[in-house]
Amino acid sequence: MSRPPLCPVVQQVRPVSAAPRLEPVELREAAHCLVVDADGRRIPFGALYRRQKAVVVFVRNFLCYTCKEYVEDLAKVPRSYLQEANVRLIVIGQSSYHHIKPFCSLTGYTHEMYVDPQREIYKMLGMRRGEGNDVSGNEVHFLHHDRNRMDHVPINSVLQMAGVKTVNFTNKPQIIDI
């Protein structure tokens, strides 16, 4: 008999229902670091999530095949789902901004994407080279450090935590039981 697949290891930083608390020192410091958009404009990282809840996904790099597949799946999240929940979906890579447009074209990703070319935010948030992370909201509600390149958090889990409708990632039509 086959064993059920193992779930990824996650760390719940703060239950969603708990009273607000100050954001971690690392996140406050990282908020001042600059990320770069596809046109080379520099933006403080904190500006991405200060005024609106955001799901921020840090990818290992744009050459990582599993990261490419993950971003291809993120591309399937309808903009209307995000707008309805008032949530931004943001991917941050560790590369030159020149790689953003080709990577978006390759993956079909149309939501926000930035890079941290000097890896300042990656370092401040405790990510080693080749390690990714998910952060949502103007406080950290959930934090996951991948143990390996296959340890990505299921997208629907992240969407649920952010209050966004989940997505049917199968190509099969959904059956409604009447």
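Is arginine 60 buried or exposed? In this predicted model, in which local features require a pLDDT of at least 70, side-chain atom pairs count only at pLDDT 80 or more, and totals for chains, interfaces and linings use all residues, the numbering of residues starts from 1 along each chain as its sequence is written. Side-chain values rest on heavy atoms, with hydrogens and water left out. Arginine 60 counts as buried because its relative accessibility is 7%, where buried denotes under 20% relative accessible area, exposed over 50%, and partly exposed the range in between (1.4 Å probe, protein chains only).

The protein comprises six helices and seven strands; these are DSSP runs numbered from the N terminus, with helices (H or I) of at least four residues and strands (E) of at least two. From the N terminus on, the order of elements is α-β-β-β-α-α-β-α-β-α-β-β-α. The protein has 178 residues, of which 43% count as buried. With contact defined as heavy atoms within 4.5 Å, residues 24 or more positions apart account for 64% of the contacts with a separation of 6 or more.

Arginine 60 is placed in the loop between strand 3 (53-58) and helix 2. The C-alpha atoms of arginine 60 and methionine 127 are 9.5 Å apart in space, while the two residues are 67 residues apart in sequence. The backbone oxygen of arginine 60 also lies 2.4 Å from a polar atom of the glutamine 94 side chain. Glutamine 94 itself belongs to the loop between strand 4 (87-93) and helix 4 (100-107). Its relative accessibility is 12%, and glutamine 94 therefore counts as buried.

Arginine 119 is found in the loop between strand 5 (112-115) and helix 5 (120-124). With a relative accessible area of 10%, arginine 119 is buried.

The backbone of arginine 119 has a positive phi of about 60 degrees, although the residue is not a glycine. Most residues other than glycine have a negative phi. Asparagine 86, likewise not a glycine, has a positive phi of about 55 degrees. Asparagine 86 is situated in the loop between helix 3 (79-85) and strand 4. The relative accessible area of asparagine 86 is 47%, so this residue is partly exposed. When residues up to four places away in sequence are not counted, asparagine 86 touches Gln52 and Lys53. Asparagine 86 and alanine 54 are 32 residues apart in sequence, and their C-alpha atoms are 8.6 Å apart in space.

The packing of helix 2 (residues 65-74) and helix 4 was examined next. Their axes come within 9 Å and cross at roughly 70 degrees; axes are lines fitted to C-alpha atoms, for helices over the stretch in contact, and angles run from 0 to 180 degrees between N-to-C directions. Helix 2 is therefore roughly perpendicular to helix 4, given that angles of 65 to 115 degrees count as roughly perpendicular, under 35 as roughly parallel, over 145 as roughly antiparallel and the rest as oblique. Lys68, Val71 and Glu72 in helix 2 meet Phe103, Leu106 and Thr107 in helix 4. The residues of this contact divide into three nonpolar, one polar and two charged, where Ala, Val, Leu, Ile, Met, Phe, Trp, Tyr, Cys and Pro count as nonpolar, Asp, Glu, Lys and Arg as charged, and the others, Gly among them, as polar.

Threonine 107, placed in helix 4, is buried, with a relative accessible area of 8%. A polar atom of the threonine 107 side chain lies 2.9 Å from the backbone oxygen of phenylalanine 103. The side chain of threonine 107 also reaches the backbone nitrogen of tyrosine 109 at 3.3 Å. Leaving aside residues up to four places away in sequence, threonine 107 touches Lys68, Val71, Glu72 and Ala75.

Asparagine 168 lies in the segment after helix 6 (155-161). At 34% relative accessibility, asparagine 168 counts as partly exposed. The C-alpha atoms of asparagine 168 and asparagine 156 are separated by 8.8 Å, and the two residues are twelve residues apart along the chain.

Conventions. A polar contact is a pair of N or O atoms within 3.5 Å; within protein, one must be able to donate a hydrogen and the other to accept it, and residues adjacent in sequence count only if both atoms are side-chain atoms.
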